[in-house]
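Morning, everyone. Please have a look at it first.

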Amino acid sequence: LNGSTQIVGDRLQLTPNSQEQRASVFRSEKVNIERFSSQFLMQINPANSNAGDGMTFVIHGALPTAIGTSGAGLGYGSRPFDDTPGIPNSLAIKFDIAPNQGEGFSSTGQFLNGATPTTPAIDLSRSGITLASGRPMLVTVTYDGATLSVQIQDQITGAFASQSYPNIDIESIVGGNTAYLGFTAATGSATAQHDVLRWVHTPLLLP
């Protein structure tokens, strides 16, 4: 557990509803990432309409203590116009609730090697997914060795969105067939509580 991350009751709280928080949490041992399915239940609760900033699911080959910057860095990458590096040798899927660089109030996207996780982004608003609604979101991330697929479903309204990222070689990105897996999150001047309620990761090895 790094930064503001703590276990609160039955949930993993990445950030409290406070300004300028950054958090990360990773398994202490590397796991096989050649092919896998990872499913987690997340919940983002803002204190008011000024919500920020978001969270990520991360696969990386650095150290389990790795952490990025606060605010638009989402605890994963660097902030805009900031030379502080993000997490190297990594791939992240973001769940962003702040329009720092025009990406909207509910967006996702893939980012590599600690890049600032703002744009390019996929706007989720047309799908009915509002990440900062306070409702639990079930996310399923699968990788078949070439394509990374992400599905997001609102567990109350049933709203659903899916994304596909083809031609991805995660082994080359992280530097091997095993990596650290986990989550990051951050707040800036805008805040929200970012929680992981449940997570199941399954390597899908070839016979």
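Some housekeeping. This is a predicted model, in which local features need pLDDT of at least 70 and side-chain atom pairs count only at pLDDT 80 or more, while totals for chains, interfaces and linings use all residues. Residues are numbered from 1 along each chain as its sequence is written, and side-chain values use heavy atoms, with hydrogens and water left out.

Rings first. I count rings of Phe, Tyr and Trp (for Trp, the six-membered ring) as a pair if their centres lie within 6.5 Å; planes under 30 degrees apart are called stacked, over 60 edge-to-face, and the rest tilted. Searching the whole structure on that basis gives 7 aromatic pairs. One of them is F40 with F57, a stacked pair at 5.5 Å centre to centre and 25° between the planes. This pair links distant parts of the chain, 17 residues apart: F40 sits in strand β6 (residues 36–45) and F57 in strand β7 (residues 54–60). Strands here are DSSP runs of E, at least two residues long, numbered from the N terminus.

Are F40 and F57 buried or exposed? Both are buried. By that I mean under 20% relative accessible area; exposed is over 50%, and partly exposed is in between, with a 1.4 Å probe and protein chains only.

Next, F183 and W199. Their ring centres are 4.9 Å apart and the planes are at 75°, so this pair is edge-to-face. Again distant parts of the chain are linked: F183 is in strand β14 (residues 178–186), W199 in strand β15 (residues 193–203), 16 residues apart. F183 has 1% relative accessibility and therefore counts as buried. W199, at 27%, is partly exposed.

Now to β14 itself. Strand β4 (residues 22–26) pairs with β14 in the antiparallel sense over 5 bridges, and V25 stands opposite F183. Strand β5 (residues 31–32) also runs antiparallel to β14, joined by 2 bridges; here N32 has T178 as its bridge partner. β7 pairs with β14 in the antiparallel sense too, over 7 bridges, with V58 opposite G182.

To tie the two parts together: β7 carries F57, and β14 carries F183.

Key. Helix = DSSP H or I, 4+ residues; strand = E, 2+ residues; numbered from the N terminus. Pairing = 2+ DSSP bridges.
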